[in-house]
Amino acid sequence: MRLDPDAHETADVRAALSRLRRDSGLPVAFGGLRAGAGHYRINELAGTETAVLRGLDIVRGNGLGGKAVALSRPLAVTDYSASSVISHEYDAAVAAEGLRSVLAVPVIVRRRVRGVLYGALRRPVRLGDRPLSAAMDVARELEQALLLQDEAARLLSVAQGAPSTADDPARWEEVREAHGELRGLAQRVGDPLLRQQLLAACARLATASSRRPGTDAAAPALSPRELDVLACVATGATNAEVAERLTLGPETVKSYLRSAMRKLGTHTRLQAVVAARRAGVLP
């Protein structure tokens with residue numbers, strides 16, 4: 001199963017705009033992600049009455065959003081068309097939608113602006129702290145979602161190369177690390193389809209391990225959480241570190257680990273990991 005970054009990013013932006021409207025109280029929200037060097041395309045709309053803003057290409061430095069991108073900070077204007085602090089390349093589209101008060105917040109991932117979100121009113125009102133703070137919170141959530149997407153894509157690229165690493169011990173350790181990270185990452189992803197893709201990649205890694213010599217034991221019926229815990233333990237994580245990665249309590253981690261060891265017929269953490277690898281449920 002292949003990760004489709006564009007589809008998931010579009011869904012994340014759409015969800016962010018819905019939250020922005022709800023949390024800020026602004027009836028109109030729109031935005032989009034980077035579409036090229038210094039360009040950001042508005043491809044998602046919420047609460048608009050026309051489609052005039054869809055597909056609008058925002059150039060770094062131009063208009064309110066372009067200036068927010070250039071400065072890497074949120075900006076707001078009370079009356080867009082009359083504002084003296086921004087350039088006016090997009091006045092026609094903004095006026096056609098009937099927007100007056102507008103705010104723009106850049107979406108920054110790893111110090112790089114990946115997109116811009118807007119909230120707006122159809123009357124000229126000074127936007128206070130509440131809508132701006134809400135928009136900033138939504139942008140931070142979107143940044144985290146995009147960061148997860150990036151990490152998932154990186155780890156999935158390791159999964160795609162898993163079968164070819166079988167005779168390379170150093171590379172195989174990298175695959176094992178990726179497997180543990182993928183399982184932990186899957187629990188933090190809100191998108192069900194993306195979570196399914198991540199877990200499918202985990203299964204691919206485990207299947208690749210079952211083709212290695214000495215991995216012919218019968219696979220035990222481990223629960224998903226037992227596998228999550230074992231996958232973390234296999235990377236050398238302590239119970240406390242496993243608990244932090246999986247957002248579980250330390251005692252819950254111990255319980256899952258004991259249950260997994262019982263099913264695998266082992267008595268130590270190391271024995272459990274070895275047995276799981278032999279059974280082909282861990283790489």
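## Basis

This is a predicted model, in which local features need pLDDT of at least 70 and side-chain atom pairs count only at pLDDT 80 or more, while totals for chains, interfaces and linings use all residues. Residues are numbered from 1 along each chain as its sequence is written, and side-chain values use heavy atoms, with hydrogens and water left out.

## Cavities

On a 1 Å grid over the protein atoms alone, a cavity is a set of points where a 1.4 Å probe fits but cannot get out, and lining residues have an atom within 4 Å of a point. Grid points are joined across faces, edges and corners, a volume being the space filled by probe spheres set on the points. Two cavities of 30 Å³ or more are counted.

The largest cavity holds about 100 Å³ of space, and of its 16 lining residues F30, I58, Y80, V94 and Y118 are the closest to its centre. The second largest cavity holds about 40 Å³ and is lined by R176, H179, G180, A231, A234, R277, L282 and P283.

## Pockets

A pocket is an open set of points with protein on both sides within 12 Å along at least five of seven lines. The largest pocket has a volume of about 240 Å³, and its lining of 13 residues has L148, E151, E181, L185 and R188 nearest its centre.

The second largest pocket has a volume of about 150 Å³, with H179, R183, L199 and C202 among its lining residues.
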